[in-house]
Amino acid sequence: MNLEKEQMIVEKILQKAPYAEGTVRRQRRIEFRIPPDRIRDFLMLLKENNFETMMQITAVDWLKDGEIELVYQMWSYTHAVHAFVKTRIPRDVDKARVPTVRDIYPVAETYERDAHEFYKVTFEGNDKLEMPWILEDEDKEAGVCHRKDFDMLGYVKKKYKLLDRFEEDKEDYVI
Amino acid sequence: MVSQQELVKEARENGMELLPLEKDTYELFFGPQHMATENYSLILKMDGNRVVKAIANPGFLHRGFEKLAEYRPWYTNIALFLRVCVPEPDVPEAIYSMAVDELMGWEVPERAQWIRTTVLEMARVTSYLFWTMGMAFKLGVYTAGQWAAAYRERFMALFEELTGARVYHIYTIPGGVRRDIPGDKWLRQLRDTVEYLKDKLKDFDNVLFENYITFKRLEGIGVMDKKFALEEGVTGPNLRATGVKADVRKLDPYLLYPELDFEVPVLKEGDALARVLVRRFEIEQDLYILEQLLEMGPPSGPYKVEDPRLKALPRFKVPAGDAYAHVEATGGDFGAYVISEGGNKPYRVQIRGPSISHGVRVIEQLLVGARIADVPVILMSLGNCPPDIDR
């Protein structure tokens, strides 16, 4: 498999961004790891290097490490390469903060609202975070989110009063 | 004519407070019951019959699939994710399976690849026919819409024979497909259906795509340019309507697409008409791809990988790692990001539907200045599919 194109892109970007680590995963997939405070600089650099579109911001809750990983999924039509830009922030709700990138990629505003609602990450500078998104107010107040420590089964049992249908000691439910 | 003051007074007497809106504007809740929005809502601030401001209001279809997937074994998740996109449920199945294949390091057998490609193309045609139905109804050209629904039924029957289900197929699974092609008769039926629909495209042109009403209604509304489209994450036919030649099947080829010959239709105007016509040309290309696949014929061999680990599916484990797979759906770029920690359940799955960019920021900006009658048409021309946003 010829990975020259991918290696060239990674080298070119790493030259200008010494704080980042970059690897070629396979054909048309590259990966960068960066510190969270440099995310804006790095995405600006990617935009200059023809990564025209942001596909998604995936928040991943790594409970054991006490960290939330944000994966910015970037796609370049020019190179036909998908780049994962990974950064890790603390898991505490107060400390889970990164600067917004919506002025660089306007579409990020939507993804940031999604990540804020389901993973409680605050994107500083995005004033639409508190606007109603997918969850209902009632669920939001009860703390519903997709973080790993949220007891979804317990909440569902309480909300829909399905107490008799589940065995308390059985953990491995296929819902 | 009742004056504003009197209205405010009457409202207060009845325990209501009228919101002070500027000028003669009023707020209109468009959806989720409106037929055009499909369980999705827009809050429109109207001045007369012009939209001054639009706010997307999703969330009526939220079922928490991404969270549910973390509680279920790898194979049972197929039955969840296909519900993310109702008109073409094979796409979420395929992306999830492709990502798991990559994590497992499986080389999917050739026969399975052929079947997957055929199913994806059939799904594209089915989805475009469904979309044609919606578009025709919104334009008031009901005849074409009813034809599209009827022709879609032929593909549904083929799907039923292949997979056992009409809409939700649960057919593409990690490692291949769930069962083999029923026989040569099915292939002949598919060939007949493709030829039949190819003939009927002329009728669609006459009644819908070359119709004066279509041009009059669609030309010059909901216009976006190339720069806007790229920055806003617009993908698929909507991006191609702004002059960008981009197709995941060409740029990031998967399955059998590198071996197939097809064109990527591109138009420059970027308005609703261009988006509709790009889709019209794509139906033709998809039928051409299906013809080529039938010409090629399904290769012999197994239809799924043979792996001893598949004997006990609830205990089936996937090595730790992450993978991203995406395909070209009729809405645009449909992707899945799957993370495994080495257990018998996924650690995290994220589905990226095209409507998360089309249906929120893009629609909010395209609707400004549009007439109320054009709102459903612009929404439909973007191919908005609300479950992508809500998941």
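Mentor: The axes of helix α5 (residues 110–139) of chain B and helix α12 (residues 272–296) of chain B come within 10 Å of each other and cross at roughly 150°. Axes here are lines fitted to C-alpha atoms, for helices over the stretch in contact, and angles run from 0 to 180 degrees between N-to-C directions. Helices (H or I, at least four residues) and strands (E, at least two) are DSSP runs, numbered from the N terminus.

This is a predicted model, in which local features need pLDDT of at least 70, side-chain atom pairs count only at pLDDT 80 or more, and totals for chains, interfaces and linings use all residues. Residues are numbered from 1 along each chain as its sequence is written, while chains are lettered from A and ligands numbered from 1 in the order in which they are written.

At that angle α5(B) and α12(B) are therefore roughly antiparallel to each other; angles under 35 degrees count as roughly parallel, over 145 as roughly antiparallel, 65 to 115 as roughly perpendicular and the rest as oblique. Their crossing is left-handed, a term used if the near helix is turned anticlockwise from the far one by less than a right angle, with right-handed used if clockwise.

On the α5(B) side, the residues that meet α12(B) include Trp114(B), Glu121(B), Arg124(B), Tyr128(B) and Trp131(B). Among their counterparts in α12(B) are Arg279(B), Glu282(B), Asp286(B), Leu290(B) and Leu293(B). Two residues are in contact if their C-beta atoms, placed from the backbone, lie within 7 Å. By class, this contact has 11 nonpolar, 2 polar and 5 charged residues. Ala, Val, Leu, Ile, Met, Phe, Trp, Tyr, Cys and Pro count as nonpolar, Asp, Glu, Lys and Arg as charged, and the others, Gly among them, as polar.

Helix α5(B) also packs with helix α4 (residues 90–104) of chain B, at an angle of about 145° and with the axes 9 Å apart. This crossing, too, is left-handed. Asp90(B), Val91(B) and Ala94(B) in α4(B) meet Arg116(B), Val119(B), Leu120(B) and Ala123(B) in α5(B). That contact holds 5 nonpolar, no polar and 2 charged residues.

Another helix pair in chain B is α6 (residues 142–163) with α7 (residues 184–209), packed at about 170° with axes 11 Å apart. That angle makes α6(B) roughly antiparallel to α7(B). Among the residues in contact are Trp147(B) and Phe155(B) of α6(B), and Trp186(B) and Phe204(B) of α7(B). The contact divides into 12 nonpolar, 3 polar and 4 charged residues.

Now the chain as a whole. Chain B has 15 helices and 8 strands. Its radius of gyration is 23 Å, close to the 21 Å that the globule rule gives for 391 residues, so chain B is as compact as a globular protein of that length. The radius is taken over C-alpha atoms, and the rule is 2.2 Å times the number of residues to the power 0.38. The C-alpha atoms of chain B fill a box of roughly 80 × 50 × 35 Å, taken along the principal axes.

Finally, chain B has a partner: 32 of its residues are in contact with 28 residues of chain A. Elements giving two or more residues to the chain B side include α2 (65–69), β7 (333–340) and α13 (355–366). That side has 13 nonpolar, 8 polar and 11 charged residues.
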